[in-house]
Amino acid sequence: MTSRTPAERRQQVQALPPVPDADAAVIAAFLDATWAESGLARPSLDSYRRDLEGFARWRNGAHGGLAQADRAALFDYFAWRTREGYSPRSNARLLSSLRAFFAHRLRRGDRGDDPTALLDPPKLPRSLPKALAESEIDALLAAPLTDTPEGLRDRAMLELMYAAGLRVSELVNLPATAVNLRQGVIRVTGKGSKERLVPLGEESQHWLETYLAQARPALANKRSLAALFLTPRGEAPSRQQFWTLVKRYAAVAGIDPVRISPHGLRHSFATHLLNRGADLRALQLLLGHSSLSTTQIYTLVAREHLKQLHGKHHPRA
């Protein structure tokens with residue numbers, strides 16, 4: 001298997017031919033129909049688009065292009081991706097996108113078979129979510145200097161993400177109208193456009209109030225803007241921008257940036273709640289998981305924590 005960095009793989013993909021017009025048309029029709037039928041959120045539709053366009057570019061119109069691809073073509077594409085070092089998780093997501101696309105074609109009668117039917121999903125390594133210690137969270141949240149509008153914004157963002165267990169996309173896309181300081185809750189739109197109410201907590205509410213009173217007006221510069229958190233240009237920060245600031249503040253807090261990611265704050269939120277006795281179904285509602293089985297992974301993290309405590313402190317461990 002070729003060992004390529006993500007940057008090298010992006011360069012290789014950029015060198016592929018553009019999406020053929022016929023494939024672009026069937027992809028657009030599929031996305032429009034999927035949005036109308038299922039109401040999928042924009043990030044999910046964008047993920048489908050990237051996966052399907054990647055296959056279409058690799059296939060480059062051969063033998064009827066994307067819409068007429070058979071099982072052998074899919075095998076060849078997955079084999080190519082494996083050689084190029086794409087992860088099993090990335091290939092599993094691609095297979096999910098292809099299954100949705102060909103199921104749609106089958107329902108419409110545009111073809112009589114589903115080439116993904118006998119494809120097995122790649123085996124995914126079971127990795128436990130990586131949570132920070134509570135002392136590390138304290139250091140990370142205290143890292144931003146709050147004497148500037150950007151520093152106040154960053155402190156409020158970090159506090160809110162940890163207090164509410166938000167996904168990165170949920171955090172950066174929050175509208176200002178989602179916050180109800182009087183009731184101490186925020187309304188979050190998660191995957192599948194599902195909404196949930198999440199309590200803020202006293203510390204997070206304090207920093208949100210301070211940000212809204214002192215920092216956001218300076219960043220908005222008298223403009224009427226929808227996003228809750230703003231950059232100096234008056235835009236909502238991107239996921240990549242938030243990733244960068246989390247890594248920067250981790251270094252300031254004395255935490256190895258390799259050990260942390262924006263999603264790590266969400267993992268820490270869930271793990272710390274379970275360690276302190278939270279109910280699993282309540283945690284499911286707070287995280288916005290559609291299935292309890294997704295939430296149960298955090299019980300394994302809590303169990304590992306208990307085993308470490310036992311091994312460290314029990315006289316006969």
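A: The model is predicted.

Q: What does the protein chain hold in the way of helices and strands?
A: The chain has 14 helices and three strands. Of its 317 residues, 43% are buried. Take the contacts with a separation of 6 or more: residues 24 or more positions apart account for 58% of them.

Q: Why is Leu208 called buried?
A: Buried means under 20% relative accessible area. Leu208 has 0% relative accessibility, so Leu208 counts as buried. This residue is found in helix H9, residues 202-220.

Q: Which residues does Leu208 touch, not counting residues up to four places away in sequence?
A: Leu208 touches Ala156, Leu160, Val179, Leu181, Leu200, Leu228 and Phe229. Take Leu160 from that list. Leu208 and Leu160 are 48 residues apart along the chain, and their C-alpha atoms are separated by 7.8 Å.

Q: What makes His104 buried or exposed?
A: The cut-off for buried is under 20%. His104 stands at 7% relative accessibility, so His104 counts as buried. His104 lies in helix H5, residues 88-108. Leaving out residues up to four places away in sequence, His104 touches Phe30 and Ala33.

Q: How do you know whether Trp35 is buried or exposed?
A: Exposed means over 50%. Trp35 has 52% relative accessibility, so Trp35 counts as exposed. Its place is in helix H2, residues 21-38.

Q: What does Trp35 touch, not counting residues up to four places away in sequence?
A: Trp35 touches Leu40 and Leu45. Trp35 and Leu45 are ten residues apart along the chain. Their C-alpha atoms are separated by 7.6 Å.

Q: Why is Asn60 called partly exposed?
A: Partly exposed lies between the two cut-offs, under 20% for buried and over 50% for exposed. Asn60 has a relative accessible area of 44%, so Asn60 is partly exposed. Asn60 is found in the loop between helix H3 (42-59) and helix H4 (71-83).

Q: What about His63, buried or exposed?
A: The cut-off for exposed is over 50%. His63 has a relative accessible area of 71%, so His63 is exposed. His63 lies in the loop between H3 and H4.

Q: What makes the phi of Asn60 worth a remark?
A: Most residues other than glycine have a negative phi. Phi of Asn60 is near 55 degrees, a positive value in a residue other than glycine. His63 also has a positive phi, near 50 degrees, and is a residue other than glycine.

Q: Why are H6 and H7 called roughly antiparallel?
A: Angles over 145 degrees count as roughly antiparallel. The axes of helix H6 (residues 134-141) and helix H7 (residues 149-164) cross at roughly 155 degrees and come within 9 Å. H6 and H7 are therefore roughly antiparallel to each other.

Q: Which residues meet where H6 contacts H7?
A: From H6 come Ile137, Leu140 and Leu141. From H7 come Arg155, Leu158, Glu159 and Tyr162. The residues of this contact divide into five nonpolar, no polar and two charged.

Q: How do you know that S1 and S2 pair?
A: Pairing takes at least two bridges. S1 and strand S2 (residues 185-189) have two bridges, in the antiparallel sense. Another sets Val179 against Ile186 in S2.

Q: How many bridges join S2 to S3?
A: Five bridges join S2 to S3. The cut-off is at least two. S2 and S3 run antiparallel. Val185 stands opposite Pro199 in S3.

Q: What makes S1 and S3 edge strands?
A: Three strands form an open sheet in the order S1-S2-S3, with antiparallel pairing. Strand S1 (179-180) and strand S3 (195-199) each pair on one side only.

Q: What lies in the turns of the hairpins?
A: S1 and S2 form a hairpin with four residues between them, and Gly184 in the turn has a positive phi of about 70 degrees. S2 and S3 form a hairpin with five residues between them. In that turn, Gly192 has a positive phi of about 70 degrees.

Definitions and conventions:
Residues numbered from 1 in each chain as written. Predicted model: local features only at pLDDT ≥ 70, side-chain atom pairs only at ≥ 80, totals over all residues. Heavy atoms only, no water. Buried < 20%, exposed > 50% of the residue type's maximum accessible area, 1.4 Å probe, protein only. Contact = heavy atoms within 4.5 Å. Axes fitted to C-alpha atoms, helices over the stretch in contact; angles between N-to-C directions. Parallel < 35°, antiparallel > 145°, perpendicular 65-115°, else oblique. Nonpolar A, V, L, I, M, F, W, Y, C, P; charged D, E, K, R; others polar.
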